[in-house]
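Reader: Hey, I've just opened this one and could use a guide. Can you walk me through a few spots?

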Amino acid sequence: MSEPDVHQLNQKSPKKRNVRVLTAVRDIFAGTMSGIAVTLVGHPFDTLKVRLQTQPTNPPLYGGLVDCFKKTVAWEGPFGLYKGVGSPIVGQVFFRANMFFSFAEAKRFLSGYGKRTNTPSDFFIAGAFAWFTGAFFECPIDVIKSQLQVQLTKSKTQPGYVPPFTTMTQCASAIVKQNGITGVYQGFVPHVLRNVPAGSLHLGSYEMVRSYFAKKKNIKTSELPSAYNLLAGGVGGFLYWFIFFPIDVVKSSIQTDHLDKRQRKYGGVLDATKKLFNEGGWKRFYRGFSPCLIRSVPANGMMLWTVAFITDHLKISQ
């Protein structure tokens with residue numbers, strides 16, 4: 001190899017490394033901001049969803065979505081809708097940053113780092129991978145959040161119930177004290193069973209909608225108006241929850257179960273599925289469906305619009 005060739009390689013390598021680092025930082029920043037956005041928009045609906053999903057069957061505490069909303073506000077005030085929000089806000093910074101960094105890296109890897117255009121299947125594979133890695137961050141968030149969210153339901157249905165914790169820190173401490181650090185992964189199996197197929201559909205359909213409108217308008221996806229990114233995000237979020245909601249009910253039921261393993265109601269995914277079905281048939285797996293679907297479109301639209309806005313406007317010079 002001649003001296004100019006060596007010099008040329010030495011000149012290019014640091015630049016390529018810098019591009020990779022800056023791209024990763026941008027993707028992590030986009031994911032972080034999207035996590036904050038989705039939490040602020042979606043947490044009140046999530047509180048109602050979890051409380052409806054996990055309330056007793058006989059007699060139920062809430063008569064439906066509107067009744068759950070009214071009672072939550074009456075008993076806890078408007079901020080009761082943001083019960084347990086500390087866990088998602090803190091956790092979403094790590095969860096969404098990791099998820100969207102993984103999604104972007106997976107797309108780059110599948111394209112041979114720019115050697116070819118991503119195919120539709122690439123988007124779905126990358127989506128599954130992103131949500132799988134995200135589960136390692138999201139599960140602890142959901143366990144802490146859900147344990148806090150169901151305290152009101154327990155206090156109204158269990159005479160003499162005294163909340164064992166009232167803050168995110170106290171909840172996390174109680175979990176670790178009871179079951180060690182792995183305690184925050186209560187319900188991890190149903191979490192992954194939901195995340196992988198649902199995540200594939202979520203981000204895959206989002207990218208497909210964006211690609212469809214970009215092709216129709218004969219422009220790049222990065223040039224799409226905000227309305228189309230909001231729409232694509234809403235479609236992805238709606239499909240995620242509309243199709244995979246039943247497994248989320250199983251997940252929530254396990255994650256809100258007693259911290260003490262000896263006092264738990266459910267012995268695992270199959271046991272929880274069987275017991276939930278015995279409580280109310282197939283309809284039992286759609287408790288809390290309304291607030292979830294209502295939340296799915298604006299929350300996911302805002303989340304994915306935030307990611308698109310940041311990644312499309314913070315260009316990394318090649």
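This is a predicted model: local features need pLDDT of at least 70, side-chain atom pairs count only at pLDDT 80 or more; totals for chains, interfaces and linings use all residues.

Reader: Okay, helices first. At what angle do α7 and α10 pack?

Author: Helix α7, residues 188-217, and helix α10, residues 289-313, pack at about 60 degrees. Their axes are 12 Å apart. That angle makes α7 oblique to α10.

Reader: And is the crossing left-handed or right-handed?

Author: Right-handed, as α7 passes α10.

Reader: Which residues make the contact?

Author: From α7 you have H202, L203, Y206 and R210. On the α10 side there are N300, M303, L304, A308 and D312.

Reader: How many of those are nonpolar, polar or charged?

Author: The contact of α7 with α10 has 5 nonpolar residues, plus 2 polar and 2 charged ones.

Reader: Let's pick N300 from that list. Is N300 buried or exposed?

Author: N300, which sits in helix α10, is buried, because its relative accessible area is 6%, and buried means under 20%.

Reader: What does N300 touch?

Author: Leaving out residues up to four places away in sequence, N300 touches H202, G233, G234, G237, W241 and R295. H202 is also one of the α7 residues in the helix contact.

Reader: Switching topic: where's S111?

Author: S111 is in the loop between α3 (86-110) and α4 (120-149). With a relative accessible area of 6%, S111 is buried.

Reader: What does the S111 side chain reach?

Author: It reaches the backbone nitrogen of G114, at 3.1 Å. S111 also touches R116 and N118, again not counting residues up to four places away in sequence.

Reader: Last one: is N218 buried or exposed?

Author: Exposed, with 71% relative accessibility.

Methods: Residues are numbered from 1 along each chain as its sequence is written. Side-chain values use heavy atoms; hydrogens and water are left out. Axes are lines fitted to C-alpha atoms, for helices over the stretch in contact, and angles run from 0 to 180 degrees between N-to-C directions. Helices (H or I, at least four residues) and strands (E, at least two) are DSSP runs, numbered from the N terminus. Angles under 35 degrees count as roughly parallel, over 145 as roughly antiparallel, 65 to 115 as roughly perpendicular and the rest as oblique. A crossing is left-handed if the near helix is turned anticlockwise from the far one by less than a right angle, and right-handed if clockwise. Contact means heavy atoms within 4.5 Å. Ala, Val, Leu, Ile, Met, Phe, Trp, Tyr, Cys and Pro count as nonpolar, Asp, Glu, Lys and Arg as charged, and the others, Gly among them, as polar. Buried means under 20% relative accessible area, exposed over 50%, partly exposed in between (1.4 Å probe, protein chains only). A polar contact is a pair of N or O atoms within 3.5 Å; within protein, one must be able to donate a hydrogen and the other to accept it, and residues adjacent in sequence count only if both atoms are side-chain atoms.
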